[in-house]
Amino acid sequence: MMKTSYDVENRQIRVFISSTFQDMQSERDYLITKVFPRLQAEAARRDVTIIPLDLRWGVTEEESQTGKVIEICLQEILYSRPFFIGLIGDRYGWCPSLEEFWCNELLQERFGWLKDDIKKGLSVTEIEMQYGVLRSEEPMDAFFYIRQGDVPVAEYTEKLERLKMSVRGNKFGYPVYDYTSVEVLGKQVEKDFIGLLDRLYPEKRLSELEKDRFIQQTFLRDHCRIYIPEESNFQILNDFLRGDYSHFVVTGESGMGKSALIANWLNDLSQDSGYNIIYHFVGNGGQEGSHRHIASRLCNEIRDLYRLPLPSEKQLGEDVFKQLEKLFVFIAKEKPLLIVLDGINQLVNEDRAKQLVWLPVPARNTKILFSTLFDDETMQVFKERNYPLLTLQPLDKERRSRLVNEYLRLYGKKLASVQISRIVDDPQNRNTLVLKTLLDELINFGVHERLDSRIDYYLQANDIPDFFQRVLDRYETDYGASDVRHILALITFSRWGLSEQEIMSITCIIPLHWSQFYCAFRNHLVVKNGVISFSHASIRQACLDRYAEYELAMRQEIVDFFSNKKEYRAYDELPYQYRALKKYENLYCFLVDFEIFDYWNNKDRYELGDYWRILISIDSTRYSLLAYASLSALSNESQALIYNNIAFFVSEIIADYQVALEYHFKALSIHRRILGESHRNTGSSYNNVGFVYSNCGEYGKALGYYLKSLAVLKMVLGDDHLDMATLYTNIGWVYNCRGEYETALEYYFRSLEIRRKILGDNHSDTAVSYNEIGLVYNNKGEYETALKCYSKALKIYEFILGKYHPDTARACNNIGAVYSSRGEVDKALEYYFRALEIYTFVLSHNHVDIIRLWNNIGFVYGNCGEYDKALEYYFNALEAGKEAFENSPDIATLYNNIGLLYNSKRDYDKALVYYYKSVECLVEIFGENHLLLGNVYCNIGVAYDNLGSYKQALSYYGRALEVYRSLSYKNEAQIEAIQRYIDGVNHKCRQEKKGFIRKMKELFSQNKK
C-alpha cells in the first residue's frame, strides 16, 4: 500500500499530529507523555526511531495563529510523509486570513495553492489534513481519530461536519476511529502503531551489516541530488574499471565534489558492470571513520556477496584484518570485486591507520577506488605507491551557472543574470560545497528585496571557514542564538550524533521551534538509522571552532541524559563521553556491568580494549580487569560462559595472560563443581587453560592441561570427533615447540587419522594435518618424509581447489623450502617458481605471500653464491613489501636476509646497515625481547667480529644472550652457541693482547740494544 519513503528506509517514523488547538490539549498531552514513550521503547528494540511531531504542543493559541506557524507545519507534513495522525473534536479551528499569506514570501513561493484554501475559509487543521492526506495522490500511513459526545461549536458546525464526512469517506480507506476518552484514544493509537511497526519493521534487530548498508545507501542517495556531471571524469573511472590498474585515487581540495562524483558514478553503473560492488563513504561520520569498522564491514559484505558461510567461533576471535586478507584470497577466482573507499582522509588516525598498512593487498580480481584530500597523509602513501590519480578541478563558469539555475529551479526560485554572474565569478564559489551552501541560504531567505545584500554578506567572507561561520551566525540570528548553539554543540560533541527525541529532551526546546530550525538546517545534517549528525566536514569543523567553549558542558548534559538508561544508545554514547571528560571512575563502573561488556565485546572488542587500556595505564590496581569476577547474580553455567568470554577478550585483545588464566580457572572451577569432572564443558575449560599457557610459551603447564582435557573429552566424545582432532593438534604443537618431535608426530598422526575418517582424504583440514606433520619432519631434518607429507597436501589442494589456488601455491612453497634445506637448488627453485606462477595469477604483485616467496627465492640464490640474483629478488620483495606495509616481521626478515647476503660477500659495513634496519623494525613491532631480535643481534655481533671490532661484537653477542635468556621457553642450544661466540671473541682479544705485549717487548729490546 505504502510507497517507501526516505524516513522509512532510515528506520525512522516522523509522524505529524494534526488537531485543533484549544479542545485537544488533553489528547496531545496524553499521547506525548504516555503513549509515544511506550511506542518509542518498542521501536527501539527493532532499531527504529519514532518521533511524534505535535507542533502545537508547548505553544500558546495566539502564537499558533500566524503565517509562520502555517509555513512550518506544511513543511513538516512534507518531511514527515507518509505518517500522519488527525484528531478531530468539537472545534473546526482557526481560519487564517489572506493577510497572513501575503505577509509570508516563503508561503507564496512554496505553497501557492494555499491562497485558494484560505479564500474558501478552510481552517489550518483542515488545510493540514487536506494537504497531508486527503488530497495526496500517494498512499499514506494515516490514522484519524474522532472524539464522540461533543457538541460542535455553532459558528463552524457545517464546516466541521463536512470535514468529518471527508475524513470518513477518504478515497484510500484510511482507518477512522471514534473514541470517548483519552485512555481509549491512547489504546487505539498504540495498537495502530504496533501494527505499523509489525508491517514495516518485523520484530527483529538489524544486523550490523544491514545497519551499515542503510547508512551508506542514504549517503550515496543524498549526493545524487542536483549533480552537474563532467563526462570525462566518468570516462576515467570507467577506464579504471576496465583497465589493468588494481588501485585508483580521486583527489582534490575539500568540497570539490569527490564524493558526489563517486556517488553519481556508482549510481550510473549498470547492473551488468561485471563487478560486485562494496562502497563505504568514510566521510559519513561516526564509526564509518574507524579502520577496524571498515575492515569488519568489508568482511561482512564479502561473505554476503559471495554467499560464504558466517565465521566460526575460532574465526570470530581472529584479527579482523587477517580475516579480510583470507577473504581476498578466497574470492580470487570468483566474480570481480570493486571496493570504493571514499573520503579515506577522514579515517580516525589511530594505530597509524592513515598509513593503510591495515588494508590487505587484494587479489588480482579486486579493484580499490579511493578518494582523499590532496594534502592529506593518505595522499603521500598513494604517491609512494605510484597509484594513478584523478585530480578534480573546479566546475567551469558555464557549469556553475547551470548548477545555480537547476538547484534554484528545484525550489521554484530563480535569480537575475547579474546576480548569478556575481556568484559564479566569486573565487570561493569555485568550491562546489560552498556554492550549494550559498544557494541553500538564498532559498531560505524570504525577503526578495534584500536579496542583493544577503548575497554580499556571503561573498564578503575572507575564506571558506569564515563563510561557514557566517552561515552559523545567520542561523543564530534567525532562530535564536541560545537554541541554535545548544542544538549544534550537542551534535558536535556527541559521539556519532543524536536522535531528534534526544535533542529535544536535552534542550527542552518546544517542537515548533525545533522543527523550524531542523527544516531550515536539514541540508547540513544527515540521518543515519534515526541519529542526526553533520552531513559534511566543513560544517562539523565550523561548529567545533564556534562552540569549543561549550564542550565540557555539552558532554556532561549528554552523560546526564543517558545515565541509568539500559539501552543501546546509552551503551554507545556513555563510555566515549566518560573518556572525553576524564571521568575514569564512571567509565570503570560502567564497563564492569557485564551486559555492557557483552554488548561491546560483540560490537567492537578493540574499542572495548582501548577503554580498558586507558584505565589500566592510569591505575592498574584500582581499575582491574578482575572486577568482572563478582558476577554473583548469574546462574553458575551462565557465569562460567561469561568468565570464558572475558578470558578470551583479555587474552586476545589486552594480552594479559595472567588475568585470562584467572577467568579460565574460574570457569573451570564452576564446571568441575556443577557438571563434574566428566563433562564436555569441563574438558573444554581444561583446553582453554592449556591454550593460554601455550600462547605465553609455558609449554610444560600447557601440556598438563591439554592432557587433562584429553582425558575428559576422550571419555565424553570418544576418539572419533573433530574436537579431538583439534586437541591432538594443540598437543602436537606444544611437543613440536619443545623439540620433542617424535611425540609431536604421535599426536599429529592421531589428528590426521580422525580427519581422514570423518572428512575423508580430500578435505582441506586433512591437508592441514599433512602440512603440520611435514613441518615436524622438516624440523627433524628428515626431508624425504617431509616431502611426502607436503606432496600429499599438495595433491589434496589440487584436487579440491584446483591448480591455481593460493593454498596450492602454499603447498608448493613448503616443498620448495624442504628442497632448499637439502641444498637441492634446482628442485627448490622449481617449486618456488611454480608457487610464484599461481600467486601471480590470483594475487596482486605486492601481496604478502608473493613477497615471502620472493624472499625464499632470494635465500636459495644467496646460498648457492648467486648474490646478484639473490639481491634482485630480495629488493623486489622489499620494494613491494614497503608498498604494502611499512614495518612488519616480513620486512624485518628481508632486511636481515640482505644483511646476511652482504656478510657472505664480506661487505660487512653494508651488512650492518641492513641488520640495523631489521632491529629498528623488530623493536617497533615486538619490543626489546623477541627471538628474532636475538638472532639479528647475533648476526650484528658476527659482522663486528669479522671486522675485528671485538668490543662491539661482545656488546651485541651480550644483547643476543640477554634476549635468549629472557624468553619464557629457553633454547639451550642457542644460548650455548652464543656463549661459544663470546668465548671465541674473548680468546681473540687475549691473543691480540698477548701479541701486543710480545711486540712491545721486542720493540723495547731493540731500543735497549
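This is a predicted model: local features need pLDDT of at least 70, side-chain atom pairs count only at pLDDT 80 or more; totals for chains, interfaces and linings use all residues.
Is glutamate 476 buried or exposed? I find it buried, with a relative accessible area of 7%.

**Entry: other salt bridges**

I searched the whole structure and got 58 salt bridges. One of them pairs glutamate 607 with arginine 495 at 2.3 Å, N to O. This pair also links distant parts of the chain: glutamate 607 is in helix α30, and arginine 495 is in the loop between α23 (481-493) and α24, 112 residues away. Both residues are buried.

Next I checked aspartate 761 and arginine 756, whose side chains meet at 2.6 Å, N to O. Aspartate 761 is partly exposed at 39% relative accessibility. Arginine 756 is partly exposed at 39% too. I also noted a network in which salt bridges with shared partners join Asp807, Arg810, Asp849, Arg852 and Asp890.

**Entry: nonpolar cores**

Which residues touch the most other members of the largest nonpolar core? I get Ile302, Phe370 and Trp612, in a core of 237 residues. Helix α30 (residues 594-618) gives the most to this core, with 10 residues. A separate core has 32 residues, including Phe84, Phe101, Val124 and Leu160.

I then listed contacts of phenylalanine 370, skipping neighbours within four places in sequence. Among them are His247, Phe248, Leu341, Ile344, Phe382 and Tyr387.

**Entry: serine 751**

Serine 751 is in helix α36 (residues 741-759). Its relative accessible area is 0%, so I count serine 751 as buried. Beyond four places in sequence, serine 751 touches Ala725, Tyr728, Thr729 and Ser769.

**Entry: backbone checks**

The peptide bond from arginine 81 to proline 82 is cis, with omega near 15 degrees. I place proline 82 in the loop between α4 (67-80) and β3 (83-88).

Cysteine 508 has a positive phi, near 60 degrees, and is not a glycine. It lies in the loop between α24 (500-507) and α25 (511-521). I find cysteine 508 exposed, at 64% relative accessible area.

Asparagine 564 also has a positive phi, about 70 degrees. Its loop runs between α27 (551-562) and α28 (568-581). With a relative accessible area of 82%, asparagine 564 is exposed.

Methods
Residues are numbered from 1 along each chain as its sequence is written. Side-chain values use heavy atoms; hydrogens and water are left out. A nonpolar core is a set of buried Ala, Val, Leu, Ile, Met, Phe, Trp, Tyr and Cys residues joined through side-chain atoms within 4.5 Å. Buried means under 20% relative accessible area, exposed over 50%, partly exposed in between (1.4 Å probe, protein chains only). Helices (H or I, at least four residues) and strands (E, at least two) are DSSP runs, numbered from the N terminus. Contact means heavy atoms within 4.5 Å. A salt bridge is a side-chain nitrogen of Lys or Arg within 4 Å of a carboxyl oxygen of Asp or Glu.
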